[in-house]
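Please examine the sequence and the three-dimensional structure shown below before reading on. The explanation that follows may then be traced residue by residue.

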Amino acid sequence: MQRNIITTADGSKTIHIQEWDEHYHSIHGAIQEANHVFINHGLLFFVEQFTQQPIKILEIGFGTGLNALLTLLNAKQLNVTVDYVGVEAYPITNQEIEALNYSEQLLVNKKDDTFNKLHECTWEENHNITPEFTLTKQKKFFNDIEDKNTYNLIYFDAFGAKVQPELWTEDIFKIMYNALKPDGVLVTYSAKGSVRRAMIAVGFLVEKLPGPPGKREMLRARKGT
C-alpha cells in the first residue's frame with residue numbers, strides 16, 4: 001500500500017496510508033495524541049498507582065516508534081525502569097524513519113541518536129537502549145501473541161476499527177487480557193462502543209476518559225486482581 005509522510009497540527013509528522021485514508025497518528029497532532037493517551041493516561045497513571053519495577057510494557061503496533069521514544073524519555077525523567085516490547089507485522093522503511101521529525105520536535109539533543117537506535121535494533125532480541133529502557137521488537141501479528149501474566153501496561157495502538165475491525169474484537173482483547181498481570185492497564189485512543197463492549201466481555205474494567213485533540217473520548221481498561 002502507498003504510504004506518504006504528512007505534517008500534523010502540532011508540527012510533528014506521521015505516515016498516511018492512501019488506500020485506507022488512515023494515519024499512524026492523529027492529524028490533530030501526533031506527539032500530542034501519543035502523550036495524552038499513552039504517556040499521561042498510561043505510563044504516568046501506572047507510575048502513580050503502583051511501585052512495580054521494572055514496568056513491563058507491550059505496544060500493539062510499534063509503527064513509527066513515537067510511543068517508544070516518549071516512554072524512554074519519560075522513564076528517565078521519572079527515574080523508573082521500563083522493559084518495552086513492541087509488536088509490529090509491517091515495519092516502516094528507512095526512508096520513512098529519516099523523514100520523521102520527532103527528535104527535533106521533542107528538542108532531543110542533535111547528538112542523541114536514540115530514535116534511530118530504536119529502529120536499528122535487531123528484531124526478536126532484547127537491547128539496552130539507556131540505563132532506564134530496554135527494547136525488544138517482535139515482528140508478528142497481534143493474534144500470535146501468547147504471553148500470559150507478563151505485562152503491567154499495554155499501549156493498544158492498532159489501526160482504527162473502520163479499516164481493520166478484526167483487531168478490535170473479543171478474541172484480540174482476550175489475548176491482551178491474558179498478557180497482562182493482575183492490576184495491569186490497557187490504554188487506547190479508541191472509544192467506540194463496540195470496542196468498549198468487547199473489552200468488558202473478556203473481563204476488563206473499562207473507563208472513558210477525555211480524548212486527545214480531535215477526539216472526545218478514549219478508553220482505559222484494568223485487569224482485576
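The paragraphs below proceed from the chain as a whole to its core, and then to individual residues.

The structure is a predicted model. Its protein chain contains seven helices and 11 strands. The radius of gyration is 16 Å, close to the 17 Å that the globule rule gives for 225 residues, so the chain is as compact as a globular protein of that length. Along the principal axes, the C-alpha atoms occupy a box of roughly 45 × 40 × 30 Å. Of the 225 residues, 55% count as buried. Among contacts with a separation of 6 or more, 67% join residues 24 or more positions apart.

The surface and the charges may be considered next. The accessible surface of the protein chain is about 10,500 Å², and carbon and sulfur atoms account for 46% of that area. The chain carries 23 positive and 28 negative charges, whose mean positions are 5 Å apart.

Attention now turns to the interior. In soluble globular proteins, nonpolar side chains tend to be buried together. In this chain, the largest nonpolar core comprises 73 residues, and those touching the most other members are Phe 156, Phe 173, Met 176, Leu 186 and Phe 204. Helix α1, residues 30-49, supplies the largest share of this core, with nine residues. Which residues does Phe 204 touch, not counting residues up to four places away in sequence? They are Phe 173, Met 176, Tyr 177, Leu 180, Leu 186, Met 199, Ala 221, Arg 222 and Lys 223.

Asn 67 belongs to helix α2, residues 66-78. Is Asn 67 buried or exposed? Its relative accessible area is 2%, under the 20% limit, so Asn 67 is buried. Beyond its neighbours up to four places away in sequence, Asn 67 touches Ala 34, Phe 38, Glu 59, Tyr 84, Tyr 155 and Asp 157.

Glu 33, in helix α1, counts as buried because its relative accessibility is 7%. Apart from neighbours within four places in sequence, the contacts of Glu 33 are His 25, Ser 26, Phe 38, Tyr 189 and Pro 212. Between Glu 33 and Asp 10, 23 residues apart in sequence, the C-alpha to C-alpha distance is 9.7 Å.

Glu 132 lies in the loop between β6 (126-130) and β7 (133-138). With a relative accessible area of 18%, Glu 132 is buried. Not counting residues up to four places away in sequence, Glu 132 touches Ala 75, Lys 76, Val 80, Thr 81 and Val 82. Glu 132 and Pro 54 are 78 residues apart in sequence, yet their C-alpha atoms are 8.8 Å apart in space.

A further loop residue, Gly 160, is placed between β8 and α6. Gly 160 is buried, with a relative accessible area of 10%. Setting aside residues up to four places away in sequence, Gly 160 touches Glu 22, Trp 168 and Tyr 189. Across a sequence separation of 137 residues, Gly 160 and His 23 are 9.0 Å apart, C-alpha to C-alpha.

The last topic is backbone geometry. Most residues other than glycine have a negative phi, and most peptide bonds are trans. Against that background, Gln 53 and Pro 54 are joined by a cis peptide bond, with omega about -10°. Pro 54 is situated in the loop between α1 and β4 (55-60).

Two residues other than glycine have a positive phi: for Leu 107 the value is near 60°, and for Asp 183 near 70°. Where is Leu 107 found? Leu 107 occupies the loop between α4 (102-105) and α5 (114-120), and is exposed, with a relative accessible area of 76%. Asp 183, by contrast, is in strand β9, residues 180-188, and is partly exposed at 23% relative accessible area.

How values were computed:
Residues numbered from 1 in each chain as written. Predicted model: local features only at pLDDT ≥ 70, side-chain atom pairs only at ≥ 80, totals over all residues. Heavy atoms only, no water. Helix = DSSP H or I, 4+ residues; strand = E, 2+ residues; numbered from the N terminus. Rg over C-alpha atoms; globule rule 2.2 N^0.38 Å. Buried < 20%, exposed > 50% of the residue type's maximum accessible area, 1.4 Å probe, protein only. Contact = heavy atoms within 4.5 Å. Areas by Shrake-Rupley, 256 points an atom, 1.4 Å probe, with all protein chains shown as cover. Lys, Arg positive; Asp, Glu negative; His and termini not counted. Charge placed at Lys NZ, Arg CZ, Asp CG, Glu CD. Core = buried A, V, L, I, M, F, W, Y, C linked by side-chain atoms within 4.5 Å.
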